[in-house]
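Visitor: Please take a close look at one part of this model, the place where two of its chains meet. What is found there?

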Amino acid sequence: MAKLKSFINVFKQESIWISIISIFLGLLIGAIVMLVGGYEPILAYQSMIEKIVGNPYDIGETIRSIMPLILTGLAVAIAFRGGMFNIGVEGQIVMGSIGALLVGHFLELPPILHTLFAIVVGAIFGGLWGMLVAWLKTSRGINEVVTCIMLNWSALYISHIVVRMFMMEEGTARSKLIQDSASIEMPFLIQWFDGARIHWGFIITMLLLVGYSFYMNKTKWGYELRAVGSSKHAAHYAGISVNKTIHRTFFISGMMGGLVGTFEILGVFKYLAIAPTTSGLGFDGIAVALLGMNTAIGILLAAALFGALMYGSQGMSFGADVPGEVIRMVVSIIIFFAAAPGMLRVLFQLRRSTRRKEVSARGNDSVSH
Amino acid sequence: MEMIAFLINGTFVFATALIFAALGGLITERAGVINLGLEGFMVSGAFTAGVVTYYAEQAGMAGAAPWIGFLAAPIFTLLFALLHAIASVRFKANQVISGIVVNMLAASSTFFFVKLLFDGAAETPLLQNVFSKVSIPVLSELPFVGVAFFSLYPVTYIAIALAIIIYFIMYRTPLGLRLRAVGEHPGSADTAGVRVNRLRFLAVLAGGMIASLGGATVTLTMNSSFTFHTISGQGFIALAAVIFGRWHPIGAFGAALFFGVAQAVKDQIQVIEAAKHIPNEIFYLLPYVLTLVVLIFTSKKSSSPAALGVPYEPGKR
Amino acid sequence: MTAQHDIVLELKGLTKRFPGIVANDSIDLQLRKGEILALLGENGAGKSTLMNMVFGLYQPDEGEIWINGQPVSMDTPSKAIELGIGMVHQHFKLVPPFTVTENIVLGMETKKGLALDLKSSVQRIQELSDRYNLNIKPHAVVDTISVGMQQRVEIMKILYRGADILIFDEPTAVLTPQEITELLAILKGLAAEGKSIIIITHKLKEIMEIADRCTVIRRGKVIDTLQVATASPEALAERMVGRNVSLHVDKEPATPGERLVEVKDLHVKDASGQDMLRGVSFDIRAGEIVGIAGVDGNGQSELIEALTGMMKVDSGSIRMNGAEMANLSPRVVSESGVGHIPQDRHKHGLVLDFTVSENSVLKSYYNSPMSKLGILQENNIRKEAERFIESYDIRTPGTEVLARSLSGGNQQKIIIAREIEANPKFLIAAQPTRGLDVGAISFVHKQLIAERDAGKAVLLVSFELDEILDVADRILVIFNGQIVGETTPSATNEQKLGLMMAGKLGGESSNG
Amino acid sequence: KNKETDPAAGGSAPKSDLKVGLVTDLGSVNDKSFNQSAWEGLQKLRDEKGVSVKYMEPKKDAEIIPNLNQFVKGGYDLTWATGFTMMDPVKQIAGENPNAKLAIIDAEVKAPNVASVLFQEHEGSFLVGVIAGLTTKTNKLGFVGGLELPVIKRFEVGFRAGVEAVNPEAAKNLKVIYTADFSRVDKGKSAASTIYEGGADIIFHASGMTGNGVFNEAKERKQRGENVWVIGVDMDQSLTFGDDITLTSMIKRVDNAVIEISKQLEGDKFPAGKTTYMGLKENGVDIAPTSKKNVAPEVLEKVEEFRTKIINGEITVPSE
Ligand SMILES: Nc1ncnc2c1ncn2[C@@H]1O[C@H](COP(=O)(O)OP(=O)(O)OP(=O)(O)O)[C@@H](O)[C@H]1O
Ligand SMILES: Nc1ncnc2c1ncn2[C@@H]1O[C@H](COP(=O)(O)OP(=O)(O)OP(=O)(O)O)[C@@H](O)[C@H]1O
Ligand SMILES: [Mg+2]
Ligand SMILES: [Mg+2]
């Protein structure tokens, strides 16, 4: 009962309104930009929505593009809660895909076992790559931001080396394929969604989302993580091993990144391509985590918004010839307003005049911490 | 010997853009505001330089065109810097996310503008007038140092001068004292009569504008046009240089040079006969691994401005 | 009544609200030229808030501030500085990596051409330092100087700016007796020169010593303004809390039991490799309170951190019940029955962004009944917090509010409850009453004595000689990383202790 | 803006019911390279035949399949995919939609409803190698590649063989740098600078936009009075970078291939399941028509000689 009440209260919160208004303003400004550019905003948004939910295939693909954003969002969020900044998810994704690929390609195992093993190895590769950051931070005092940036590029070129040396597919720019026994496709859902690439990663991601919230709020490790995140000194005083917690946190964070790569290999591509840059999903994860205020539900919603808009932007360019950049502009404007709620409050107060001054003034203070 | 002189020259060429961007990042961060938007400021600068120089060429400015483009970059970038300043200083938004917004918005909007301005094209028209290396009379004739130091792009000299100027401002002027105080302990600065948020606001603007010169440099010395990929990751490398250089102007300058040398070495080694059998990727890895190795052997405790990332609110407990 | 022109600062109906609380409720107050006015009130009464409004850090919701007969709008500290107001804040406002000079000139720099001209500033600082006997080293980095010197730097900042109205918010809370004496002398001198001073302090003795008048604030309202010359400390305390408080610590003589803690030849180096403890030896029996007296920076923090496992011990031994404790982790130390009320409650004692309940279990969260199989048992945790709130009279809106939002006194009570309720064999209390009002202080002292009477060993580290003399059964004096003497409250007094702390007088060693 | 994809907008254009779509490689239809060339082919088709044409530009690998599906499920008669990255997606979509027709450039997809087009880049590269070998004054040459991939390797190998055939010493002094990127102009410039500094006077690049940097470096050196050249790739790059630095270009007639194969849709001659090789013989690769501006007539004669030999099969140009 109390739970239900608190759930309803969430929707009474100002932050929900802030988000709704931000989305509205983002789309509005996007429309204005389109008008100025000589495009048709209504047609564009129509095509976008059609692309997002128009048919089972597109719904499925929208879901598929949301999944990695949830995971990278979680990866960034868990580090943030521990007082660290993981801008190395990009690299952890790459390492995860290397791990999954090696297992998926070289090992011969019975189907389910093969899949599970590949997932575990992919996650561990990502996790260890993340833990390297933590180790350099705790043992050598190197700021994780630098380490992450360097390790992102390093991971990319390591993937080139691995693919080229051990499993280059003749005449192509990619590795050989994983074996079918390692695939995580969900044939029944794929059929349901008319061929969209839905895979078991979907289920795992959802579980992780719940697991994140549980871990963070209900477990002693989560307690330690948050303690270290808010005050290293107090955590030390309390007998929490700060370094161990940092390592553990970065390991889990890196595992989330590793899983993104793993799922892309086992469920979407089946191979690893030699690419000149990393995917960018890790950077999008920063925006997702912060927009979602590092909470599970927030990350889910932010990733859904983000992923759906991005996927829908392809429909916009097909149906209304609007360049996809417009949607990225819309997304960044949404984040901008959502991240600086004070700005909306200023606009808000102007419009609502003095009628509810007292209420908004209180709201003003309650979020100032 | 000649090769080393050439390597030094190449180092400066590569490092120039990073020096500008790192100095911009440094000013912002010393004032206590995280600047993850360096990439976006560089994009904006690269874009502006490309577009403005092109139109200046069309207007018949010829050799003056790149200078006009170069100077226009910070002016246009003020828009994005304002965004970062308003969100993170005025409205206390999370500084990381505010920087990410700058990156996203700068990238998407400039590409969109390019498409609008140039009829759907993916890049600005190729510029006919860009910076070319200037050989300083007499000095550039000297053996070794002539090639190494006195035959560089004009903007390289500007970058070096800027590093020195910023060092002077930071450590020898009242403004610098206040700037550092605001980043270390804003509460003290405030009670000493320094307008903390105003100074931070200005620092974000100045930082963005200076960083944009880095982007303009890429367009006007390397690319001769602006496209999707003109800036892809240099802003983050510049951020790394700020941290690597311990938030000190000369340190950041040195770190930028270090990245420059690592890049320049990478090409040089590839053409050596003996290196034929080493996979190229090893060379690509070089700059990043080298940086980590150097950090491992030089690292001491963190020296970030103490209040970095913390919005200043006088009433907050 | 004084003549109108004599009033340099007047507050008329100042009101300040924070979410859920009226911190200042229509406050009227007058400050006369050349006087020292004391502000007295419980923790959270609203003293700092009021002064922060005068200094332009907070904006009043209602009311006016008048300076020299003119209403002013005090919107920023720079405005206040311009109007001749200077303030020394409860928490120092110094930039740690800057030098003393840089800190002083910040915001009022002199230039030579474009460049900063520190040389002429150093000269001026030196002059002022000599004139007011502040004994400041202009080139020292603030990070490395003692708290007392930092306090004097704060005063210098005000003088350097030529302020006429000086506000001191609990300036003596962190000073040693000697430093306090020096500071009070300086304040008197300043008042004699015609500067007008407001001082906030919880120490009635100081008010009696230097203030002309004392304004008492209770729950955001002015209760009374008394002429100090005709008032007694008891009267002040009574006005402050609204009931009688005893200013004395009542305790029975100790009945020490067996030897519980033995420290032998302890050596500790700090992070920079400097020797901080140089062969410290002592022991504590069950059922006694041992006080450590000493000037800040003589090794107290290192001693505590070594005893609690927070810092590495270089050599020597720490035994509890005969078992070696040196270089064990803080977790193991606390599990062996060592409780620790830390010196810095904000830095160590609490996770400020955790709730009251989360802070209540900061040292027990990982064990049954607070967690089972790695999962936190929220009900048990909340119940524990409720128990603490109940039995320690912690004033909080609930168990799920952030510790940050509580007043300092109540934050301290959470820590004390947590550490005492863990039922330690050995309790270390470091500066347990720093910044607390008289009511809260007496509460804490009672708790410590109750622990002693329950047969625990208690180590009390304090810079307050009063506290040491009132509460401890035995006193050790620490100086320069060594125990330089031992005595008992009855065998010594403040003067003697003060000399020992300065390393000038050996104590009578009863058990060397 | 390429908004007028509907032939009806053109007014008097001929009318056809055919709809042809194009999914570009990661990049853009304005890349001054083969995506653009393919799109130009389709536009020509629209103007000539009144076919409806449309393109999509995926921004991420994961978007390729949905974009292909947009056309395939949208009932397009033919869907083009340009670039080797499209190989697996095309294969998958072709399998899932046996009734749809697809065509791919730069990769071979063995499926009954896919037409594959492979260009014999090594043959064209051989010819520019001949030009370079005969034109160099320093007997030192350079090659700048993007990512070290089989397609790009074909350019390098063919080029080397061409140089070898006419100037073995220069072939020995061929410096090769791979920049690991097709879009970073600055890396191209730095690579070119290193090679020119080592004494080479002609660089052939196969590195997409990264190659712009090679041109920029050459231009800068030319202005300083150095006599350096660049050999362009894919399209006639002298049109973009000027013929004062562009010696010649190895062009790939993607547009021709697109037009030819698309036309075969009519009358059911579409080469589904077949691979079309576009070499010298098929006019798929060639040197730029503007080459005579900078290349000496006797060199061009030599080029023609080799062209005939390659077409006759007297010479087989290696490709790896
Ligand atoms: N230049 C930067 N850009 C972005 N984020 C940064 C930057 N510098 C630091 N941070 C973030 O701020 C946090 C604090 O950085 P810092 O290096 O001071 O940590 P620390 O020294 O380990 O912490 P502490 O000072 O509490 O011991 C980092 O964890 C990182 O997330
Ligand atoms: N910035 C703030 N936000 C919210 N509440 C505040 C703030 N500052 C003070 N308060 C509240 O206002 C009340 C008065 O606080 P203030 O700091 O003025 O007390 P004080 O009399 O100085 O106490 P102490 O003796 O502990 O210093 C307290 O209840 C405190 O919690
Ligand atoms: Mg730090
Ligand atoms: Mg106070």
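Guide: The interface of chain A and chain D

Between chain A and chain D there are seven residue pairs in polar contact, both residues at pLDDT 80 or more; a polar contact is a pair of N or O atoms within 3.5 Å, where within protein one must be able to donate a hydrogen and the other to accept it, and residues adjacent in sequence count only if both atoms are side-chain atoms. On the side of chain A that touches chain D, the elements giving two or more residues are α4 (56–81), α7 (144–166) and α14 (296–320) of chain A, helices being DSSP runs (H or I, at least four residues) numbered from the N terminus. The largest share of that side, four residues, comes from α14(A). By class, the side has 13 nonpolar, seven polar and 10 charged residues; Ala, Val, Leu, Ile, Met, Phe, Trp, Tyr, Cys and Pro count as nonpolar, Asp, Glu, Lys and Arg as charged, and the others, Gly among them, as polar.

This is a predicted model, in which local features need pLDDT of at least 70 and side-chain atom pairs count only at pLDDT 80 or more, while totals for chains, interfaces and linings use all residues. Residues are numbered from 1 along each chain as its sequence is written, chains are lettered from A in the order in which they are written, and side-chain values use heavy atoms, without hydrogens and water.

The rule finds three salt bridges across the interface, each a side-chain nitrogen of Lys or Arg within 4 Å of a carboxyl oxygen of Asp or Glu. D194(A) forms a salt bridge with K73(D), with the closest N and O atoms 4.0 Å apart.
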